[in-house]
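Work through the exercises below with the sequence and the model in view, and try each task before reading its solution.

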Amino acid sequence: MERLAASIAAATGARDVRVERFERLAGGAIQENYALDVRIDGRQEALVLRKDAPSRIAGSCTRGEEFALLRAAFAAGVRVPEPLWLGADPAFADGQFFVMRRCGGTAIGRRVVRDAALGGDRATLAARLAEQLARIHTIRPPRADLAFLEPAPGARGFLRDAYAFLDATGRVEPALELGLRWLDVNAPSLQETVLLHHDFRTGNYLVDERGITAILDWEFAGWGDPHEDIGWFCAWCWRFGADDLEAGGIGTRSDFYGAYERASGRRVDDERVRYWETFAHARWGVIARRQAERHRSGAQRSLELALIATLEPELDDMLLRRIA
Amino acid sequence: MNEFIDGGELRRLAQETLAREPDPPSRFAAALVANALAIADRATAAAHDAGDAGSDDAALVAAIRAGALDAPGPEREAALSDAVARVRRRLAVTNPARLR
């Protein structure tokens with residue numbers, strides 16, 4: 001903790017830094033998050049430190065890049081934890097870490113969809129989320145601070161990476177391949193490029209009794225078609241059992257589309273959203289396989305990662321239903 | 001390689017996870033372990049550990065990627081129904097509730 005206190009002192013210019021709590025938070029299969037309570041020159045601060053896990057997966061940005069994304073979102077008025085500083089102290093962590101303000105609420109998907117007290121009225125919560133997404137989509141290229149982002153890779157960029165992963169790991173999976181081929185044949189042209197959160201879904205926002213407190217986990221953000229984020233949010237795999245509420249298990253599709261259209265001034269193309277929903281099941285299926293591979297390869301032995309592999313059949317099942 | 005679920009490995013990981021936990025374990029860890037053990041038991045019962053790759057899967061995947069099954073027809077239907085059947089066998093191990 002002395003190294004961490006020294007790192008905070010160096011970043012803030014504070015004379016007296018005392019770390020009073022440093023505790024791993026649940027969740028975060030790709031990155032590690034720690035609750036950090038510190039007293040900085042006598043001022044109490046409730047923070048979160050986010051650092052790289054022992055291994056990473058393709059498509060996930062570095063902590064320095066995620067910090068830049070968080071700053072861009074914060075500046076655009078998106079409800080995110082205020083990003084405070086970026087650290088790189090090799091004596092403390094292997095690689096970069098950043099510190100942000102801690103926000104209240106829960107992100108546990110099953111709890112969010114079941115506990116109607118969270119976020120208040122469900123239609124209102126769906127509308128507020130749509131407004132947050134519309135605000136994220138106000139960030140457009142070119143941006144010098146986000147120059148590390150690849151020009152909109154789109155569905156074909158994902159497919160290229162997915163095939164490379166399957167070939168490199170020797171996976172021969174006809175069900176997934178049928179889905180990937182359908183996505184290739186039916187890929188829509190890119191009409192508009194905005195910043196995508198790329199993992200905007202129930203489970204990745206914090207909510208309390210009053211509403212949304214923060215949009216989390218920006219590590220997959222990148223340029224692309226705004227409908228991709230809407231499709232990801234509405235995909236069956238992120239409804240946490242509340243299948244009738246197609247917008248993230250918390251609202252109707254019309255509540256969500258309507259609020260997004262009012263906030264963004266952009267018409268939602270339902271057919272395009274449905275394509276990206278199919279895409280979502282393939283993309284999550286590939287991410288699940290990549291996660292499982294981190295365990296199988298020995299890079300990070302973990303029961304949590306091994307169990308992610310058990311999601312593959314239900315994602316493949318939904319993918320096949322959508323293309324049949 | 002078409003490794004799917006290795007029941008023995010899941011059991012070992014579950015035991016390692018429990019050994020690292022305080023007594024009683026956190027609810028999160030307890031839920032992970034219970035889920036892992038249930039899947040491991042079903043995987044063993046289904047003798048699923050060796051995977052279910054068909055002998056000509058590589059050729060099928062090559063045909064899919066080449067677009068040979070893009071058009072509606074009996075070949076595409078056969079590939080789809082075989083894929084669905086395999087996925088359902090895997091679901092019976094990982095999450096049988098999804099089959100109901």
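**Exercise 1.** Determine how helix 11 of chain A and helix 4 of chain B are oriented to each other, and which residues bring them into contact.

*Solution.* Begin with the axes, which are lines fitted to C-alpha atoms, for helices over the stretch in contact, with angles that run from 0 to 180 degrees between N-to-C directions. The axes of helix 11 (residues 312-323) of chain A and helix 4 of chain B come within 9 Å and cross at roughly 150°. Angles under 35 degrees count as roughly parallel, over 145 as roughly antiparallel, 65 to 115 as roughly perpendicular and the rest as oblique. The two helices are therefore roughly antiparallel to each other.

Next comes the hand: a crossing is left-handed if the near helix is turned anticlockwise from the far one by less than a right angle, and right-handed if clockwise. The crossing of helix 11 of chain A and helix 4 of chain B is left-handed. Two residues are in contact if their C-beta atoms, placed from the backbone, lie within 7 Å. By this rule helix 11 of chain A contributes A:P313, A:E314, A:D316, A:D317 and A:L320, while helix 4 of chain B contributes B:L80, B:A83, B:V84, B:V87, B:R90, B:L91 and B:T94.

For the classes, Ala, Val, Leu, Ile, Met, Phe, Trp, Tyr, Cys and Pro count as nonpolar, Asp, Glu, Lys and Arg as charged, and the others, Gly among them, as polar. The contact of helix 11 of chain A with helix 4 of chain B then has seven nonpolar, one polar and four charged residues.

Two notes on reading the model belong here. This is a predicted model, in which local features need pLDDT of at least 70 and side-chain atom pairs count only at pLDDT 80 or more, whereas totals for chains, interfaces and linings use all residues. Residues are numbered from 1 along each chain as its sequence is written, and chains are lettered from A and ligands numbered from 1 in the order in which they are written.

**Exercise 2.** Describe the side of chain B that touches chain A: which helix supplies its largest share?

*Solution.* Start with chain B itself, whose secondary structure comes to four helices and zero strands; here helices (H or I, at least four residues) and strands (E, at least two) are DSSP runs, numbered from the N terminus. The contact between the chains takes 32 residues from chain B and 21 residues from chain A. Helix 1 (7-20), helix 2 (27-45), helix 3 (57-66) and helix 4 (74-94) of chain B each supply at least two residues of the side that touches chain A. The largest share, nine residues, comes from helix 4 of chain B. By class, this side of chain B has 20 nonpolar, five polar and seven charged residues.

**Exercise 3.** Find how helix 5 and helix 6 of chain A are arranged.

*Solution.* The axes of helix 5 (residues 154-169) and helix 6 (residues 174-185) of chain A come within 10 Å and cross at roughly 150°, which makes helix 5 of chain A roughly antiparallel to helix 6 of chain A. Their crossing is left-handed. The contact is made by A:A155, A:R156, A:L159 and A:A162 of helix 5 of chain A, together with A:L180, A:L183 and A:D184 of helix 6 of chain A. These residues divide into five nonpolar, no polar and two charged.
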